[in-house]
Amino acid sequence: MASVEGRGRARSCEGKRTPAAMASPGGLRRLLWCVAIVVLFYGAEFGAAWKEAEFRKCHQSKFCKDVRERAAAWARGESHREIEVREISLKDGRVAARLVPAGNEDEALVLELSTYRDGIVRVKVVEETAPRKRFEVPQVVVNDFEEKRLGIGSIGRRDGASVVQLSGGFEVVIQHKPFQVQVKRGDDLVLSINSKNLFDIQHLQVKKEGDDWEDSFRSHNDKRPHGPQTVSFDVSFHGSDHVYGIPERATSFALKPTKGANINSEPYRLFNLDVFEYLDESPFGLYGSIPVMVSHSKKRTVGFFLLNAAEMQIDVLAPGWEQVGIEQVSDESSSGKRSTGQNEEKRVDTHWIAESGVFDAFLFVGPSPKDVVAQYCSVTGTSAIPQLFSTAYHQCRWNYKDEADVAGVDAGFDEHDIPYDTIWLDIEHTDGKKYFTWDKNLFPNPKEMQNKIGAKGRHMVTIVDPHVKRDDNFPLHKEASSYGYYVKDSSGKDFDGWCWPGASSYLDMLSPEVRSWWATKFSYSNYVGSTPILYIWNDMNEPSVFNGPETTMPKDAIHYGGVEHRDLHNAYGYYYHMASVQGLYQRERGTDRPFVLSRAFFAGTQKIGAIWTGDNTADWGHIRVSVPMLLTLGMTGIANAGADVGGFFGNPDPEMLTRWYQLGTYYPFFRGHGHLDTKRREPWLFGEPYTSLMRQAISARYQILPYVYTLFKEASVTGIPLVRPLWMEFPEDESTFTRDDEFLLGPSLLVHGVYSEGAKSEKVYFPGNETWYDVKSGATFPGGKEVEIPVTLDSGIPVYQRAGSIIPKKLRHRRSSTQMQNDPYTLVVALDSKYEAEGELYIDDGKSYEFEQGAFIHRRFKFAKGKLTSTNLAPTKSNPKKFTSSCLVERIVIMGVRARDLVTGKHAVVESEDRWIQTDIGAPSLIQGAYSSALILRLPNVRIADDWSIKLG
Amino acid sequence: MKAWKEHPRLLLLPLLLVSHLHSASATSQSLGISPQDLKYFEGSAFWCRDGSKRIPKERLNDNFCDCEDGTDEPGTSACPKSKFYCKNVGYVPQSLYSSRVNDGICDCCDGSDEYDGFAKCTNTCWEAGKASREKLVKKVNVYREGLKIRRSEIESGKKLREQNDITLKSLRKEEKVLNEQVQKLKVEKESIEERERRERDAREKIAKEEAERKLKEETATGNIADQQPKTDVVEVNSVDESQNTDLVHHETEVDSAPTADETAEAPEVHLTELQEEPKLDELSKEDLGRVVASRWTGEDTTVHVPEEHQDHHSADEATDNQDHDADIDSDLEPEHEYNEEDDYAAYREEEQVPETPPEPRKLSWWERFIPGALKRVYNREPVNKSEADRIRNQYSEASTKLSTVQHQISELESKLKGDFGPEGEFYSFHEKCFELKVQKYNYKVCPFKQAIQEEGHMSTRLGNWDGFKDNYTAMMFSGGDRCWNGPDRSLRVKLRCGVRTELRNVDEPSRCDYVAELVTPTFCLESKLQELQKKLDQQVSGVHEEL
């Protein structure tokens, strides 16, 4: 029950009033006032959800409008302007060059190009001389990144260009006149910067009399004290079919062109915003920003990352884009001038406009999709390995009202035998939206409450947002204001905005000192009422400012070191998230992995924690768009993400909710959540068959937790995400390039949601050449084909296991993941055409950092020549810490067994013990009525941690 | 006693030994099977209960799930769908989900669900049993006592109903008599009026014509009013000025309420959206914050209006308070307080609102007829005046009485037709309201009528009576005031047995879906008492057997 405090009308059971009920005994004047305002805001509330007019379009921002129009003019050849490389040399193993735009030495730029291991090139361009230093985003590039730098030994020359050799047959070519950076492999052009001559860094100026730099939007005025300072340029992906990336927005995975012969839409915007009731199809930027673009074709994958946290607008250009907005489009000019004699070449051109900051770009040469993600993550960090509990199911609602409500929901799960691991408390649990406090009436005994939850191995999450209530009796506020820890407004006073608590100030998370101070607030002594099972949720960290421009902080607000909010806006939430994670890390002195969910994010967020896709809506379009959203996040490093199951706004009907659970099972982060105004939707509230179906969906997640956790481990080592586009595993299968209605969870599970009401069938594409096995029935489908699969609500969504894979599962049903610790494993072997399969399993204690000292189990399972073998993948050197498990394998399911082997009475032998195991023919899953098509090895009872081999008789 | 306490632990010992073997041996094959089911597994093989497979006996509880329905693993966690039976000697047996077996949490009071050695469970069945028996005894006593009251409720309900029947009969008789009277007086009145008309015609033609037209007009209105009281609930005999205005406003209010709703909803969105945009920009920073926040919270932002107007509010509120109180005083007959669907506090409050504008008050038919037209016309007819007035007064009195009686009849009829529970046990609830104060809210539940939530003098309708639900275990009130961003409010009152009748545990589990409990002896059912008594007897005898 949210109420914005300080209004004297905080409400509990009151609910909203209808206009009729609202008119209380008062004069006519009051009645009229009420009616007038009600009509005014009622319309606002029930109108088109997305308040489009409240957000800037490109043409409503001076910087974007100017650059976008100018770029088109330049590209048409009007007032053409070239940058020339004047000097080029090697310094410190780096290439250093002077760039002179249009012969203007006063505005000369300095380029620095370095190369790193694994196919990464970094290109930085700054002004040679400037009245002010531009902001460079700290804490994003990992500390040890410079250790990977390769000293460049020499610069080659070729046709008036400089050439630097990279590994893997790649080279970087710097064209001198006009300036251009190209990545090539042999004669193949892979990626180029400034092939369209749009590279431009607006030289920083000192304000002169008469300069009008201010930029107004609606009632907000941005002073822009430093004037125009955009960084804009073109990047081209050669031989490319599609580009992907630049989250966060609710749109297709393959990015559609924004400008072209018949296309003129808004550019893709990167500007973290709290967008009320966002649409399920819009290029508009949402809560987080990652300026990473990936291009893919049959031949290769390549990536580009601009380390810059200012607002960014990116156009994906289609032929004819230069003429957009020009009255007469002549065919001649649109096709003729644009191309540089490469008419036949497939390419995707993009135009990037950053409002401020520096040009600090990272090029990832691939060549495979996994290489690109790994290369990006070697710059910004790989995914933090989550606690095991956080990979299970989360139950959230705005708001579980009081301790009795929490106890009731907890009991409800037990009563209906539905597992869950974590219950969440939204803003109403606090005392007046003062975070780190508890509402004394509703939550008088928070520790006792947590102990009860914790006794069942479950956990709790409370919300802590970055706005601080301006209340002189609130110690946190007193401290923060006396230390000067708040962001300042343009006049130098503590910025005073409006959020849940009413008047609020915002902690300046750019400051390392503020972050350290903030981190101490999570200690048990500071966060009174917290216990070791309590973890954290960071919301509203875009930051959301209800009365700010576009519901966020004014760009001319001032941070630590005099940095303008404009420069770091997109990273604000990242720093906040980082400080909260640091707090939980310190709380247990580095022995317990923090779990902090954040809504805002930036490049590098993956190394801190999980994110979710914000305030979505209960409709089919939002279920559908969650898949491309998660695919995009995965390709840009964010492995741990999910969409709110059920949809935040609105009431899902039981079918929709069931379908959402069935898909959510395979989200990396799996949480049910709903708005304050929505009807209760705990999974048992809809009766049968829904309760059973939702139980089945959640239970399916628990069954694959060993696989999911192994994938998280992989993401933490390499950065490769859990949710993968089909082309990540099948890069040459062109049918997959625009496919975003299905995805792979890890390498081995193909997941296809059901996205419409009463759906009778779904068209599933099976990538590759090998077979796919229905995980429930074991039915097989050949790869390389799209098949119309009949679906019913009971049958769940289509999910398939890839031939050649082995998936470790735990099929025992439990209350939460904690109780599964000692449960035996089931290994599901899906044989390929060579009669082989393999898979991996990673296990550790699921919560500490002892794995860093070797306390983990890492197994490789391989089925070949009629024999399943388990071997060790963990390093064998003597480790200071050990993790052991007495867990057994209770069942081995083998799908794809030849008919002659699929007969009863067969035996298998545990070779090392010479022990016989009974076999059966059965279904691959413990689901009633499933077709018996698999060979089941009963109770092999080998230890999961041991080496063993089992031979089929 | 002591021996009994030790007994179950001794039983557990062999299980603990077995546990480390991970596959259960023959001695534990009966684990988790209820005594009734033991027979099912007697043979050398058994069928999965879903008929899917036949399972050899050695696979019973071998810690591997063979039957998808869980038949073969009652004693382990191997099958997600099996149930584990614990004896819980000294307390009541329990059937657990297989997910609880060896999960490290002691679920059965005898600890039999945790036998793999990871969790150490103590036997708490005796304590649990004792507490449960004590609780049961208490409950049984409450039911006994409650049942007595319930029975007398049923009796008094019957009596009340009989009385009401008698009243109805006598009212019908009275109606008949009155009807005849009215008809007779009507004839007389009309004949007098006919004479009057002629006389007036003779005297002053123009004036007469004028008067006659008016009179006819008014008589016509009067006739409609005469016939209406059957359906109209307002009592004509007690119509005084203030109530009369109430009636007028009532009607306008009722008529206009839906229109107000409509304007607030979708069709107007276009218009309001257009207005909304510049409006947001004109707001103060603080108001902008509130308004944007309200999109998520659904808070109505109307309370916050410019200072000047807020002042008006408080001033108005103060006076309104008084008005309101006076209103209630004059309205105190409980019989009528909730007669009409819309006759509840919120609307009454609104009725006050239009009083402020100096809009001319519509005069009632009576006001215009009696003091005005009547006198004006008849002053000039001294000959007929007293007789005519007498007839007219008699007629008016009689028809007023008739309409009152008709009103009472219709009320009683509808009451007698109502559903007051299988035995009419809730008959007396028709006249009762139950209240509960929760923080600043006062909840008022009037069975068969409506439920409201009061905050100060503001009142929100939670719903109108929507009958009993779930086999007379709950009362439903639905179609209450619409929530912003939400559904119509509704309240579900679960019935509980208790000696004293009281409303408790009002809650709003999700926005505008309210629940509450009504504890009352009227709900202390005989069948439930027997059930509880049986349960208690079983528990007690179970203990005796063990002893």
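The torsion about the S-S bond of B:Cys109 and B:Cys125 is about 95°, so this disulfide is right-handed. A disulfide here is a pair of cysteine sulfur atoms within 2.5 Å, and in this pair the S to S distance is 2.0 Å. B:Cys109 lies in the loop between strand E4 (94-97) and helix H2 (125-203) of chain B, while B:Cys125 belongs to helix H2 of chain B, so the link ties together parts that are 16 residues apart in sequence. Helices (H or I, at least four residues) and strands (E, at least two) are DSSP runs, numbered from the N terminus. Both B:Cys109 and B:Cys125 are buried; buried means under 20% relative accessible area, exposed over 50%, and partly exposed in between, with a 1.4 Å probe and protein chains only.

The model is predicted, so local features need pLDDT of at least 70 and side-chain atom pairs count only at pLDDT 80 or more, whereas totals for chains, interfaces and linings use all residues. Residues are numbered from 1 along each chain as its sequence is written, chains are lettered from A and ligands numbered from 1 in the order in which they are written, and side-chain values use heavy atoms, with hydrogens and water left out.

Over all chains the structure holds nine disulfides. Another of these joins B:Cys433 to B:Cys446, with the sulfur atoms 2.0 Å apart. Its torsion about the S-S bond is about 110°, so the link between B:Cys433 and B:Cys446 is right-handed. B:Cys433 sits in the loop between helix H11 (385-417) and strand E5 (434-438) of chain B, and B:Cys446 in strand E6 (residues 441-446) of chain B, so the parts tied together are 13 residues apart in sequence. B:Cys433 is partly exposed, at a relative accessible area of 32%, whereas B:Cys446 counts as buried at 1%.

A further disulfide connects B:Cys483 and B:Cys512, with an S to S distance of 1.5 Å. The link of B:Cys483 and B:Cys512 is left-handed, with -90° about the S-S bond. B:Cys483 is found in the loop between strand E9 (474-479) and strand E10 (490-497) of chain B, and B:Cys512 in the loop between strand E11 (502-510) and strand E12 (513-520) of chain B, so this pair ties together parts that are 29 residues apart in sequence. B:Cys483 is buried, with a relative accessible area of 2%, and B:Cys512 is buried at 0%.

Chain B as a whole has twelve helices and twelve strands. Of its 547 residues, 46% are buried. Contact means heavy atoms within 4.5 Å; among contacts in chain B between residues at least 6 apart in sequence, 49% join residues at least 24 apart.

The next topic is the nonpolar core, a set of buried Ala, Val, Leu, Ile, Met, Phe, Trp, Tyr and Cys residues joined through side-chain atoms within 4.5 Å. In soluble globular proteins, nonpolar side chains tend to be buried together. The largest core has 163 residues, of which A:Phe305, A:Leu507, A:Trp518 and A:Leu745 touch the most other members. Helix H10 (residues 565-587) of chain A gives the most to this core, with ten residues. Apart from it lies another core, of 50 residues, including A:Val231, A:Phe233, A:Leu255 and A:Tyr268. Beyond its neighbours within four places in sequence, A:Trp518 is in contact with A:Phe436, A:Val464, A:Asp465, A:Leu476, A:Leu507, A:Met509, A:Tyr576, A:Ala579 and A:Ser580.

Elsewhere in chain A, A:Thr115 is placed in strand E3 (residues 109-116). A:Thr115 is buried, at a relative accessible area of 4%. Not counting residues up to four places away in sequence, A:Thr115 touches A:Ile120, A:Val121, A:Lys148, A:Arg149, A:Leu150, A:Ile152, A:Val164 and A:Leu166.

H13(A) gives the most to the lining of the second largest pocket, with eight residues.
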